[in-house]
Amino acid sequence: MLRTPGLPCRAATRNAPFLTFILTALLALTAAIPAAHAQQLLFDYVGFDYESPVIVPGQFGGLGNGYVGLGEVPVLESPLVSDQTNYEYTYVLTGLTATNRVVAPPFIVIQYSGPGTLTVYEDSRSTGTAFDYGVNPPNGTAPSSFTDGTAILVGNITNFVYILNTSTGSGSYDANFTAVGGTQIANIPVGQRAGWTFAGVTGNSTVSIPQGYAHQVDGQTLIPLPTPAHNTSWGQIKRKYR
Amino acid sequence: MIRMIRTTVLALVACALAAPSHAGLVIDWDPAYFYSTTPGVTATNAPAGSTLFIVGTVSVFGPPLQFLNANDPTKDYTFYIHGMSSNGTTPTAVPPLGTAYVTTYTAGTIELYEGTPRDAAFDPNPPNANVPSTFTNGTLLLSGTFYNFYTQTNNFSNFSTGNAEANISWTGGTLLPFMSPGGQPCPSLFTGGLSWHPGVVIPGYLFRHDGKIDLECPTPARSSTWGKIKALYR
């Protein structure tokens, strides 16, 4: 490394302490990266999905169809702050349009353009409006009763992909989630704002899915765990790698 | 014409009355983890005869179990699903993306417990000293047959995600009457998403599962006549 072309050996020798310093710092940073980029739960959500607008009627994920998911958020984890007793928490996932549809019976894989938006709202249980799915959304209460209140977290959704098995009637989706706004955005350290979301979806319930909705959804959003760190001196770090 | 309209309206009203008395989320968890005691099982291949076990901690209860507090610091609510074995994994090519995999299982048993203290621990490499024992200590609140279970995975999703689903017939436990309004146990749907992303799976487990159980009570019905129904709404 020190015998870089054009760099005289004497200069290299003179710079060796500096290079050692840099190398040590890099090693220290490397040591701080958690194995497998461990994730932590940010929030858990349950709800239903539907399509709006519908460009291709009768075909879920038809090219140009818009995807909308909405529901309640029964679990919010630190660093978000919640009070489920006095507030209801809802989510709305929107802004996604089906752009590619791979059909391999019984599977259908739908890819969506983005970025979409996944927003978590906080609404007073005493003075706010309770969420109401209604039927055949969009309708008088959905999504409006899910978007009232305070947007506490707004995330951009990209690479949204939906996998459906038409034989079993169920499937899943996942996407990148990047926190970009909301009243609690500052609670999430900048280095932890790029996470992901996933959910299981099913159309198999005969009684739980309100008329006009396509599937019920159970999902969660995860963000990277904070990088563990502790105070130390350069001397201690250098000794560790000698 | 008027008679036809009236008949249609009455039929619609009768249908509206048939809405289920209990439908929707009754148990939500975060997380549950799946594991096998058969060597060689992976997220995309569970050879026929291989075992599967699920342990989980409940995070939210909905009606008719909303009186249970999943966040009670002195208790934990846990579940254990056992007795299933794989019927084999079926791959399906999804060109140009990759391959999807569906694995079906024989029926097993689901058990829901209320335990003190709050000690459930997803220790690595189950079975071990705490798994499943810390998920099966306490009072058996519900038990039932877990059937039609399957997992769906693939090798092309961005975050290694899929889903799992099953039906449940409740048969026992101290809270069985709550799941049986009218004396007839309601069937339930076990559903939710799976991930085998290395950032969320504990060593020795196959999947992390985010899911729920919906209670799907059949519509209570009794024989009647059009005359009686019409009389009801006059």
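Setting aside neighbours within four places in sequence, S50(B) is in contact (heavy atoms within 4.5 Å) with T38(B), V41(B), M84(B), S85(B) and S86(B). This is a predicted model, where local features need pLDDT of at least 70 and side-chain atom pairs count only at pLDDT 80 or more, while totals for chains, interfaces and linings use all residues. Residues are numbered from 1 along each chain as its sequence is written, chains are lettered from A in the order in which they are written, and side-chain values use heavy atoms, with hydrogens and water left out.

**More on S50(B)**

- You'll find S50(B) in the loop between β1 (23-35) and β2 (51-61) of chain B; strands here are DSSP runs of E, at least two residues, and helices are runs of H or I, at least four residues, numbered from the N terminus.
- S50(B) is buried, at a relative accessible area of 1%; buried means under 20% relative accessible area, exposed over 50%, and partly exposed in between, using a 1.4 Å probe and protein chains only.
- Its side chain reaches the backbone oxygen of P47(B) at 2.7 Å.

**Chain B overall**

- Chain B has three helices and nine strands, and from the N terminus on they run α-β-β-β-β-β-α-β-β-β-β-α.
- Of the 234 residues in chain B, 53% are buried.
- Take the contacts in chain B between residues at least 6 apart in sequence: 71% of them join residues at least 24 apart.

**Where A meets B**

- Chain A puts 44 residues into the contact and chain B puts in 46 residues.
- About 3,100 Å² is buried between the two chains, with carbon and sulfur atoms giving 60%; buried area is the accessible area (1.4 Å probe) that two parts lose on being put together, summed over both.
- Between chain A and chain B there are 19 residue pairs in polar contact, both residues at pLDDT 80 or more. A polar contact is a pair of N or O atoms within 3.5 Å; within protein, one must be able to donate a hydrogen and the other to accept it, and residues adjacent in sequence count only if both atoms are side-chain atoms.
- On the side of chain A that touches chain B, the largest share comes from β7(A), with seven residues.
- By class, that side of chain A has 22 nonpolar, 19 polar and three charged residues. Here Ala, Val, Leu, Ile, Met, Phe, Trp, Tyr, Cys and Pro count as nonpolar, Asp, Glu, Lys and Arg as charged, and the others, Gly among them, as polar.
- The count of salt bridges between chain A and chain B is zero; a salt bridge is a side-chain nitrogen of Lys or Arg within 4 Å of a carboxyl oxygen of Asp or Glu.

**T202(A), touching both chains**

- T202(A) is found in strand β8 of chain A and is buried, with a relative accessible area of 1%.
- Leaving aside neighbours within four places in sequence, T202(A) has contacts including H215(A), Q216(A), E165(B), L189(B) and T191(B).
- A polar atom of the T202(A) side chain lies 3.1 Å from the backbone nitrogen of N204(A).

**R208(B) and the salt bridges**

- The structure holds three salt bridges over all chains.
- One of them pairs R208(B) with D30(B), the closest N and O atoms being 3.3 Å apart. R208(B) lies in strand β9 of chain B and D30(B) in strand β1 of chain B, so the pair ties together parts that are 178 residues apart in sequence.
- Both R208(B) and D30(B) are buried, R208(B) at 8% relative accessibility.
- The R208(B) side chain also makes polar contacts with the side chains of Q220(A), at 3.0 Å, and Y33(B), at 3.3 Å.
- E114(B) and K75(B) form a salt bridge through their side chains (3.7 Å, N to O), and K75(B) counts as partly exposed at 25% relative accessibility.
- D214(B) forms a salt bridge with K212(B), with the closest N and O atoms 3.5 Å apart, and both residues are buried.

**The disulfide**

- Over all chains there is one disulfide, meaning a pair of cysteine sulfur atoms within 2.5 Å.
- That disulfide joins C186(B) to C217(B), S to S 2.2 Å.
- The link of C186(B) and C217(B) is right-handed, with 105 degrees about the S-S bond.
- C186(B) is buried at a relative accessible area of 2%, and C217(B) is buried at 2%.
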